[in-house]
Amino acid sequence: MAAPLTLLLLVAVTVRAALYRSSLADLISERVEVVSPLTAWKRVVEGLALLDLGVSPYSGDVFHETPLIIYLFHFLVDYAEITFMLADVITAVALYLSVKDYNKQVFRKQKYALEADRYPLDCLELIRSPKEMQYIPLKVAMFYLLNPFTILSCVAKSTCGLNNAVIALFVLSTIKGNSRTHSSPAEGNSIYPLTLCAAALLYLLQRQYIPVNLRRFSFWWFVAQYAFMYLGSLFVIVGLSFFLLGSWDFLPSVYGFILSVPDLTPNIGLFWYFFAEMFEHFRLFFLCVFQINVFFYTVPLSIKLKEHPVFLIFMQLAVISIFKSYPTVGDIALYMAFLPVWSHLHRFLRNIFLVSCVLLACSALFPVLWHLWIYAGSANSNFYYAITLLFNVAQILLVSDYFYAFLRREHHLSHGLYLKRKDGSEATLVLK
Amino acid sequence: PAPKPNQPTSFEATADKEDTSAPETVVQSSVPQPKDDFQEELVIRPLHSGDIYASFQFRTLWETDFMRGNKVSHYRLFPKSLGQVISKFSVRELHISFTQGYWRTMQWGQPFLPSPPGAELWVWFQDSVTDVDGTWKELTNVLSGIFCASLNFIDSTNTVQPSASFKPLGIGNVTDHRFLRYATLPREIVCTENLTPWKKLLPCGSKAGLAVLLKSEKLFHSSFHSQAVHIRPVCQDWQCKTTSWELRQTLNVVFDLHTPGQGKLEWSLFKMFSRTLTEACPLASSSKIYIDITDDPQGEQFEVSPATHLLSQAMVLGDRRTFSVYDLTQQITFGTVRSLNLLIRWKSSEDMLRPLLHAERYVAGYGLQTGEIHTLMYNNHPYRSFPVLLLDSVPWYLRLYIHTLTVTSKGKDNKPSYIHYQPSKDRVRPHLLEMLVQLPPNSVTEVTVQFERALLKWTEYTPDPNHGFYVGSSVISSLVPSIVAMDTNSTREQPLFSSFFPCKEESSYFMRVYTEPLLVNLPTPDFSMPYNVICLTCTVVAVGYGSLYNLLTRSFQIEEPSPGLAKRIANIIRKMRGVPPL
């Protein structure tokens, strides 16, 4: 397994290096679909320049990264390209290792269930074999590294790549069950990955064979331990950020900025045009609604998917990428990397052709309509906004389709694959 | 000491004159005579391009000492509205200007008092003021009422506190720039409604003296028009034991050669202002007209009539210039017809001396996403280099990237020795960039900085959003080396036009140059769509919510298919008949 992975890494690094040397690199780093006010490399350089001038980078409204990024790039600004390529490589390797470990556990659980005769007889074709699962980790790494979205994000030197690396390492440490190396994810640039802690908690409970029963002491004791460790690492990171620059200015500039959305630069998300056209009276109300929308799916999803925490992680990442305040294509690439893990669901997917066509078409139309609005002046902002809406609808459809297929497979595994009605004729399944 | 007129006038004697020929007036020697002073002058300078530059200056000196806190209620020559403004807002210096048009330095040379297009206001407050921002806000609103201008648009998003470019022009020792505020409104339009209250501040109004020439239909039909009010404390005498307030009202106007429409190169007061002068302002201690004849000492290029033998020389902007003087307080100036109509007739034309410091600014780039501001500063001195202070105040919606700032002279990098940069905060304050750049001799220095255009909320656009947004002029202040040595003795009587900026050195003089304002387009959202956008975006969020809700709350069940419509109707009929259904 090491050889194909190394080959894949080499190919990915070559592609990125080739693009760095070409003239496309400057063009890509200006594209609003790839960089946002939170992740743009130009703003990191601006923050470093302000620090050199003796002005705090947070005194203006240009720089929205945490002090950890400032200090990282204070030393690495000349090796920025290598840093971002390395971040991509780390993400891919972390995802590879975690998916490999997860597959082993899935296969083991399946073996126990088969021996305990828990599956109905006609759904044996739904059982997964080791042979089909062998290449899945490599496919995951490939889906991440060779995804055009990831390549664009890396060439633009968007700090989204660093965020993805931290999230991937978090997933890896969760799946390996190593509570000691477990740390709070990606508090670097975003508060939304906070929702991943519920999924991680469920996974660790499952691994320790602690049942999720609200009345048992062992459950609450584990939750308390986990919360303590999680909050502790969170405070350590925030405190470190404070000590690096000596002030709390970064809190409103980074987290206040993410939550209050003052910058309306167009991107592929839903927030910018909505708040550009919002009536002033309702602005705070809709801001709260949209921000709560990202967080509140955690509880229902955790309840429904408490037996399947890795799928829960996938769902959470997708919900965050679609509904966050400044999404970029780098965020999409991260959850799309998980799709090969659920490749066995393909027979239950209903809309995959439509979704892939819409996603391809929208990705092609984004730069065209941007050019028509900003440079040619023959279209207006509505065109770009429409494609944004369509792109997000397609993503929502993709995610809910995979959710439907997952639930349906679980249903078949407990009730049998070929269902018959009372009179013996073939039945159809609906959600009621 | 003001020269006294020879004859008594018919006005009520409220000015500082002794009435020597009326023996029945008893002069109360126990009451000290107030010593307000008013001087007026007009300088006419023919420019090489054939245009005429007329500069009016009216100076009122007010002796009062309310810096110690006395409440003043007696106003004589000084206008009451401004006096109340000074005392209420604890103003130490106030400079406000309204300008229509842009001063073309290359064709017209240097103005006596530069001003940027639009409105400009800068104020030094006393150090007794505790809340400078609150006082600034009230002051702008009060001034907006006094001058009938929209100065109430001055707020924190276009106010800055320059740290080096604007030092006090009057006496005083407060230099803490926390008490300084500077703002421009490049979009402000000047019209008759601004001229009328300005004229009302003069002691004689527009009824006597030089102010009768200020008729708005001619003044606004010009290439350049600028009116300003400058208030500052000055020393009364050489030892500076007492101070008085000086109010200078200046009006600069440049008339276009071809405007009168006759094509003859001939100018007269009547042609420019559609009035002639009949008397000086009785309240004025000095009322003079100066015509710049430096370029034509022998009368070869143009001739002036009526001729005068009074000549005066003065140092103006580093140059020694000669003027013909007409003293309006002397009755013989008006001649037998009792009116003065100066006439200037041209004979030929020649090249002009290039100004030493000159600046231009423009926006480069295409599209509505990014752009670049280029500022060019020309140093035309053949062998001396001098430093300039460049002040740029850019609104917050053009996000400057200071790491892209480049300063190049003659193709090589020229690093500024002092940079003061205050980044903007969205919707709170603008960018402030001040730099000290050394300009090499005979060169062009180019300052470029990149910016990104922001998308604003739909309510933040003006009603004509596609007109664009204005960026105020850059201010370039410098001490320019002078060709001729200057006299720095400030007690000698000097014409008003040469005594505005304080001059400390003999070999250089202070000059301020304003660049053009910029007009920048921003991307606009569709203004007709707020309700539609809210509905559509909420629909997309609801689609996400709905699908996930369905999948989370419902479970799979085997479906009993419902029979077709025909069968259902048949079943209803069968039930009514009492027969078992199909």
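Begin in chain A by selecting helix H1 (residues 2-21) together with helix H5 (residues 80-115): their axes approach within 11 Å and cross at roughly 155°. The model on screen is a predicted one. Because an angle over 145 degrees counts as roughly antiparallel, H1(A) and H5(A) are placed in that class. Viewed along the contact, the crossing of H1(A) over H5(A) is right-handed.

Next, display the side chains at this contact. From H1(A), select A:Leu5, A:Leu9, A:Val13, A:Arg16, A:Ala17, A:Tyr20 and A:Arg21; these meet A:Glu81, A:Phe84, A:Met85, A:Asp88, A:Val89, A:Val93 and A:Tyr96 in H5(A). Coloured by residue class, the contact of H1(A) with H5(A) shows 10 nonpolar residues, four charged ones and no polar ones.

**Helix H19 of chain A**

Remain in chain A and select residues 381-415, which form helix H19. H19(A) comprises 35 residues, and the distance from its first C-alpha to its last is 51 Å, close to the 51 Å expected at 1.5 Å a residue. How many of the 35 residues of H19(A) are buried? The count is 26, so the helix is largely enclosed by the rest of the structure.

Within H19(A), centre the view on A:His412. This histidine has a relative accessibility of 3% and therefore counts as buried, the limit for that class being under 20%. To see what surrounds A:His412, leave aside residues up to four places away in sequence and select its contacts: A:Pro120, A:Cys123, A:Leu126, A:Phe348, A:Leu417, A:Leu419 and A:Leu429. Then step just past H19(A) to A:Gly416, where phi is positive, at about 95°.

**The loops of chain B**

With a relative accessible area of 21%, B:Ser90 is partly exposed.

From B:Ser90, proceed to one of the residues that touch it, B:Val129. B:Val129 is located in the loop that links strand S4 (118-125) to H3 of chain B. Is B:Val129 buried or exposed? Its relative accessibility is 11%, and B:Val129 thus counts as buried. Besides B:Ser90, the contacts of B:Val129 include B:Phe89, B:Thr135 and B:Phe179, with residues up to four places away in sequence not counted. Draw a distance from B:Val129 to B:Phe89: the two are 40 residues apart in sequence, and their C-alpha atoms are 8.1 Å apart in space.

Continue to B:Cys148, in the loop between helix H3 (132-146) and strand S5 (159-160) of chain B. This cysteine also has a positive phi in a residue other than glycine, with a value near 55°. Its relative accessible area of 45% makes B:Cys148 partly exposed.

**Last stop: helix H5 of chain B**

Finally, select residues 216-219, helix H5 of chain B, and locate B:Ser216 within this helix. The relative accessible area of B:Ser216 is 18%, so the residue is buried; the class requires a value under 20%. Showing its contacts brings up B:Thr192 and B:Leu195, once residues up to four places away in sequence are set aside.

Note on methods: Residues are numbered from 1 along each chain as its sequence is written. Chains are lettered from A and ligands numbered from 1 in the order in which they are written. This is a predicted model: local features need pLDDT of at least 70, side-chain atom pairs count only at pLDDT 80 or more; totals for chains, interfaces and linings use all residues. Side-chain values use heavy atoms; hydrogens and water are left out. Helices (H or I, at least four residues) and strands (E, at least two) are DSSP runs, numbered from the N terminus. Buried means under 20% relative accessible area, exposed over 50%, partly exposed in between (1.4 Å probe, protein chains only). Contact means heavy atoms within 4.5 Å. Axes are lines fitted to C-alpha atoms, for helices over the stretch in contact, and angles run from 0 to 180 degrees between N-to-C directions. Angles under 35 degrees count as roughly parallel, over 145 as roughly antiparallel, 65 to 115 as roughly perpendicular and the rest as oblique. A crossing is left-handed if the near helix is turned anticlockwise from the far one by less than a right angle, and right-handed if clockwise. Ala, Val, Leu, Ile, Met, Phe, Trp, Tyr, Cys and Pro count as nonpolar, Asp, Glu, Lys and Arg as charged, and the others, Gly among them, as polar. The expected span of a helix is 1.5 Å times one less than its number of residues.
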